[in-house]
Amino acid sequence: MSDRIERLLASMTLEEKLGQLNMIDAGMPPGGEDEMKRQIGAGTIGSLLNIHGAEKLNALQRLACEESRLRIPLIFGLDVLHGHYTIFPIPLAEAGAFDPNLWEKTARASIEETRRAGVTLTFAPMLDVCRDPRWGRIAECPGEDAWVASRYAEAKVRGFQGSDLSAPENIACTAKHLGAYGAVAAGRDYASVDVSERLMAEVYLPPFEAAVKAGVATIMPSFNDLAGIPMTAHGRFLNDLVRGQWGFAGVMVSDYTAVAELIAHGVAEDLAGAAALALKAGVDIDMQDEAYVRGLPAALERGLVAMADIDRAVRRVLDLKMRLGLFDDPYRHVSAAPLSADAAAEITALAREAAARSIVLLKNDKGGLPLKNPKRIALIGPLADAPLEMFGPWFAAAPLHSATVLEGLRAAMPEADIRHVPGVTIEGDDDGGIPDAVTAARDADIVLLSLGETKDMTGEAHSRGRIELPGRQRALAEAVLALGKPVVAILTHGRPLALPWLFERADAVLATWFLGSEAGHGIAAVLTGAHNPSARLAVTWPYDGGQIPIYHSHRSTGRPANPEVYFSTRHTDLPIEPQFPFGHGLSYTRFAVTAVAAAPAEVAPGETITIEAEIENQGEVAGEETVFLFLRDPVASVARPVLELKGVAKAVLKPGERKVVRFTLNTDDLAFLDRDLKPRVEAGLFEIFVGPSADRTRLTATTIHLRGAATP
Ligand code: NOJ
């Protein structure tokens, strides 16, 4: 392969080389469509994004492979964050299933559709750990925890890429956005980030390292700067760490116009300077701004870059094209034939399963759920029959329909009299429809209140300062709640919403996120009890936006939060605890962790520790329990978080059944980064907690001692 690449490289003009580094948005080509086609034929565009569909795509591939001088095939890129044609739950929701098998399966199912549409590279998985629900892109991420995000990274890379990039069922994928994009100031998209090197190393980078170890083909640096250095120009991370230390040999692709944006960041004077900074930092493909094709010739003349820098990037791009098998068959992924009915039905069934398994039962007092065959149901609220709103941020190739709550309920409860009244719109000031909604609610046996956000309130460039219900939805909800009827709230949202008044007054509340094409069926399955809710929060749910950032793995501080202690770390006007902790999620049955034991109780470096926890289903129905294993190192030379997630286990249990789940740790899992950010294991006591969430009062503790290591 490398000979072939070298021969090709030797025959390329500078223009053709830069063409390989030039990725253009086929939906919005800077020079218009004809110019884009001309450039493909001239070999000065190497890849396209935002295009799918056999016919369109094959026509452009033909231009590259038949008209361009060197006949180098194009890569086609697309964001497939949570589905292509069939939309799956948003990543933040799916993360809550805490199931790598599901994460892998939905990735595979997505690309079954995507690759037929000719796409050979997806800009997913999104691996930005996020602890700020104001940031719109929290919807796209796997939550607040680096350990979870790392497992998610591995599963998604396996799902998208399989073990061989050239196999027709696989495509290349992108770990994005490196790094710490989830920590943008005040949750404002594209804002600056200034986190410590320690936080980078402990929290924001591990998911990317996991993706690299899993063989991810490409990496996308994030839009943000880190302490003044835009990630697109951050050679220390991109080159030294990711390529140098982690051994990443793939392609770095810039985010959309991020190279030219180095000028606006204030680190480059012109396009030549911007292009040189990005290329030198390790960015191979320049997305959409033509900064490389326009800027690098001048940068070469000025001596800002050398031909060797360009060649290095071109080699990597050609290598990816070869590994994808595109030189052998540029049309290999494309299929004009529709999926077989069986295959399509399987994907739909998976989307339905994923939807049901992503719903978190936040509250269920008075046994409001599952529904007990009510005759008259009032389905109130603007999100009950909103087919487009179920999608969330990414749905470019989907048909404009999804199963709504109304549709799902009607299918699941054909006997029930379901009266739907929107009452208000999602946004907007008009509350003229509230009286009708109240009348419908008054006549019903139970009220289902369908409230939340539009699909456009999260995702890129959709940060919000207030994480509450928009429009007049609160007025609607309060008018209905005032009737004193049983009320089940069904929330549709891309972020946790601070609604303490609702959590206090509704009998039951479901967090249903954006569940995608099969949303309504998943929701109906949980409402009726056909699916016993099993998902958990992959992110801490604040009581109030003023608590942000609030997350489970914080440090103790010298004055730990204590409502009774005046001089302790807290807000005087807000609770210390979040509304719901990380990992929270109820079931229709009751589980208990009845025993936790770690063996051996004393370990030496290099040894393995086994932790067993017995789980019992003490309720009346079967269900799936998820238990988390957290570690705490109470005394170390660098203060450690109060809880560090180290494992997740699941058990499916019949009523009365008990099972033992097993976690294995080795002493490297006890390590932390010392004062010089080098891994270090220190002797002493470690606390291990096992339980259903990060709520300390619900965790069962045990301890182990590490002997024979350095002392703190
Ligand atoms: C900008 C987004 O930040 C990135 O996630 C996405 O992959 C690109 N646009 C391409 O759509």
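How many salt bridges does a search of the whole structure find? The search finds 48, a salt bridge being a side-chain nitrogen of Lys or Arg within 4 Å of a carboxyl oxygen of Asp or Glu. The model is predicted, so local features need pLDDT of at least 70 and side-chain atom pairs count only at pLDDT 80 or more, while totals for chains, interfaces and linings use all residues. Residues are numbered from 1 along each chain as its sequence is written, and side-chain values use heavy atoms, leaving out hydrogens and water.

**View 1. E202 and R198 pair within helix α8.** The closest N and O atoms of this salt bridge are 3.1 Å apart. Both residues lie in helix α8 (residues 197-204), 4 residues apart, or about one turn of the helix; helices are DSSP runs of H or I with at least four residues, strands are E runs of at least two, and both are numbered from the N terminus. R198 counts as buried at 14% relative accessibility. Buried means under 20% relative accessible area, exposed over 50%, and partly exposed in between (1.4 Å probe, protein chains only).

**View 2. R495 and E453 form a salt bridge.** Here the N to O distance is 2.5 Å. This pair links distant parts of the chain, 42 residues apart: R495 sits in the loop between β15 (487-492) and α19 (500-505), and E453 in the loop between β14 (446-452) and α18 (473-481). Both R495 and E453 are buried.

**View 3. E682 meets R680 in a salt bridge.** The N to O distance is 2.5 Å. E682 is buried, with a relative accessible area of 1%, whereas R680 is partly exposed at 26%.

**View 4. Shared partners build a network.** Salt bridges join R198, E202, R555, R640, E644 and K646 into one network.
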